[in-house]
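Subject: Structure for your review

Dear colleague,

Please find the structure below. My notes on what was found in it follow directly after.

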Amino acid sequence: MEMCSREEIMDLCPQNMCCVIPQVLPKQLCLPPCSTKEELRTILTETTAREFSDLPHDILMDIIAMLEIPDALRAASVCSSWRSVHIKLHNLGNLAEKRTYKLTLPEPPISRRYLLGSSDGWLVTADERSEMHILNPITGEQIALPSVITINQVTPIFNRKGELCKYRYSRHTAEGVTESPMTLPLDKLRYFFHCKAFVFYDKFVRSYIVVLIHDPHKQISFARLEHDKWTWLPPHLGIHDCAYKDGLLYAVTSFGEIFSFDLDATVITAKVIMGRTKEYACERIYIVHAPCGDLLQVWKPQEGNGNWVDEITGFPALVSNTQNTRIFRVDTVAKKLVQIFSLDDHVLFIGNNQTSCLGVSEYPQLKANHVYFTDDFECLSSKSMWGLRLDIGVLNLEDKSIDEIVAPRLFLKCRAPVFLVPNPSMMNSTLHG
């Protein structure tokens with residue numbers, strides 16, 4: 001069993017926990033009741049880590065059930081005992097709230113970062129020097145990734161003082177140069193080069209892998225946290241989405257092709273799982289492993305033909321045909337796609353985040369047979385210029401109706417919100433093996 005240290009407990013206490021533990025913990029430890037944070041700190045200092053880990057589940061449930069959602073998630077990250085209690089409460093539906101929380105994140109402000117995606121409880125960002133980081137918004141943990149100058153298409157440019165001042169972005173693929181290179185300021189590379197990023201946990205080597213889809217032409221590179229550089233995976237282009245399972249990275253292209261990569265192999269090669277299944281790249285393609293083990297493809301149309309009038313400006317704007325989203329099961333034996341028309345008791349999350357397929361038995365607050373989506377249109381920064389609306393909502397696969405998560409409005413920022421599924425089992429885990 002993992003033991004939670006006093007320091008880890010105190011990291012949780014400054015918020016709601018300092019109000020909850022005094023009501024429960026002293027009684028369990030046969031200690032006098034405490035009413036202030038200073039008295040609680042004294043108790044925690046004199047209490048051994050083993051006593052914390054050995055607290056009965058009913059006492060832990062009393063404590064964690066009284067916390068607000070952010071603090072309950074932090075508690076779940078402390079040790080296996082606390083995590084199991086959190087999962088039990090979650091399954092009972094005790095932790096479902098319809099509230100909006102604002103989390104205090106570490107400096108610099110997240111508003112200065114370019115949001116590249118979310119997966120496994122982490123956000124992936126690019127800062128004002130176009131360097132990438134992963135951030136756990138629940139625990140506040142932040143980790144710098146290998147420098148962007150170690151990616152094949154990026155070269156540093158230094159001034160006379162030897163300071164990094166610009167980047168040279170070489171727009172080449174494995175087949176050759178596609179366009180002339182660009183010289184970009186440090187903060188501008190992220191807008192031309194970075195596309196979408198994922199964080200995957202490799203349980204075999206107990207390490208995180210970060211995969212980046214980048215331009216030109218949507219190529220992929222990956223890095224391990226313990227390494228100091230990125231590894232390019234040519235020659236495949238047009239990558240839309242990635243998934244990871246049992247040591248294999250899966251990538252799907254704009255034409256429905258699926259390749260797998262064994263990232264632990266000495267020489268990394270691509271295995272064809274599915275050949276081209278469509279002739280025109282007119283949809284966003286997502287890939288995900290369903291809980292039942294099936295590999296799924298999701299096709300979401302790009303901007304559509306419908307008309308919508310912005311209530312604020314009165315200007316017309318195009319809307320997407322998200323209601324025409326299609327889902328396919330990948331038949332890896334017959335090498336074909338089989339369309340499915342219902343997710344039964346499951347839901348999908350698609351957008352500029354890792355595609356997820358979840359069961360409502362584990363997440364009872366979600367709507368079964370629905371697709372939760374956010375906008376990941378490739379030219380989001382131009383939406384305000386052309387009057388395109390923010391496309392974010394929940395699609396009912398049964399009747400094709402869409403419920404809006406936010407009120408309809410023109411797109412005003414360069415990135416849409418992303419869905420983040422907190423993963424307490426990965427928090428505070430060993431990052432480097």
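Pro-235 lies in the loop between strand 13 (231-232) and strand 14 (239-245); here helices (H or I, at least four residues) and strands (E, at least two) are DSSP runs, numbered from the N terminus. The peptide bond that joins Pro-234 and Pro-235 is cis, with omega about 10°. The model is a predicted one, in which local features need pLDDT of at least 70 and side-chain atom pairs count only at pLDDT 80 or more, while totals for chains, interfaces and linings use all residues. Residues are numbered from 1 along each chain as its sequence is written, and side-chain values use heavy atoms, with hydrogens and water left out.

Another cis peptide bond runs from Asp-215 to Pro-216, with omega near 5°. Pro-216 belongs to the loop between strand 11 and strand 12 (219-224). Which residue is 44 residues apart from Pro-216 in sequence and 6.6 Å apart in space, C-alpha to C-alpha? That residue is His-172, which is placed in strand 7 (residues 172-173). His-172 counts as buried at 15% relative accessibility; buried means under 20% relative accessible area, exposed over 50%, and partly exposed in between (1.4 Å probe, protein chains only). Leaving aside neighbours within four places in sequence, His-172 is in contact (heavy atoms within 4.5 Å) with several residues, including Asn-152, Val-177, Pro-216 and Trp-232. The side chains of His-172 and Ser-170 are also joined by a polar contact of 2.7 Å. A polar contact is a pair of N or O atoms within 3.5 Å; within protein, one must be able to donate a hydrogen and the other to accept it, and residues adjacent in sequence count only if both atoms are side-chain atoms.

Two residues other than glycine have a positive phi: Asp-246, near 50°, and Asn-369, near 60°. Asp-246 is found in the loop between strand 14 and strand 15 (248-253). Asn-369 sits in the loop between strand 25 and strand 26 (370-373) and is buried, at 11% relative accessibility.

The next topic is the interior. A nonpolar core is a set of buried Ala, Val, Leu, Ile, Met, Phe, Trp, Tyr and Cys residues joined through side-chain atoms within 4.5 Å. The largest such core has 29 residues, and Leu-116, Met-132 and Trp-230 are among those with the most contacts inside it. Among the elements that give two or more residues to this core are strand 1 (114-119), strand 3 (132-135) and strand 10 (194-202). Apart from it lies another core, of 17 residues, including Ile-209 and Leu-263.

Strands 25-24-26-27-28, in that order, form an open sheet with mixed pairing; two strands pair if DSSP finds at least two bridges between them. Its edge strands, each pairing on one side only, are strand 25 (356-359) and strand 28 (402-404). Strand 27 (residues 393-396) pairs with strand 28 in the antiparallel sense over 3 bridges, and Leu-395 stands opposite Ile-402 of strand 28.

Finally, how many disulfides does a search of the whole structure find? The number is 0, where a disulfide is a pair of cysteine sulfur atoms within 2.5 Å. The sulfur of Cys-292 is 7.3 Å from the closest cysteine sulfur, in Cys-357, which is too far for a bond. Cys-292 is exposed, with a relative accessible area of 60%, whereas Cys-242 is buried, at 1%.

Yours sincerely
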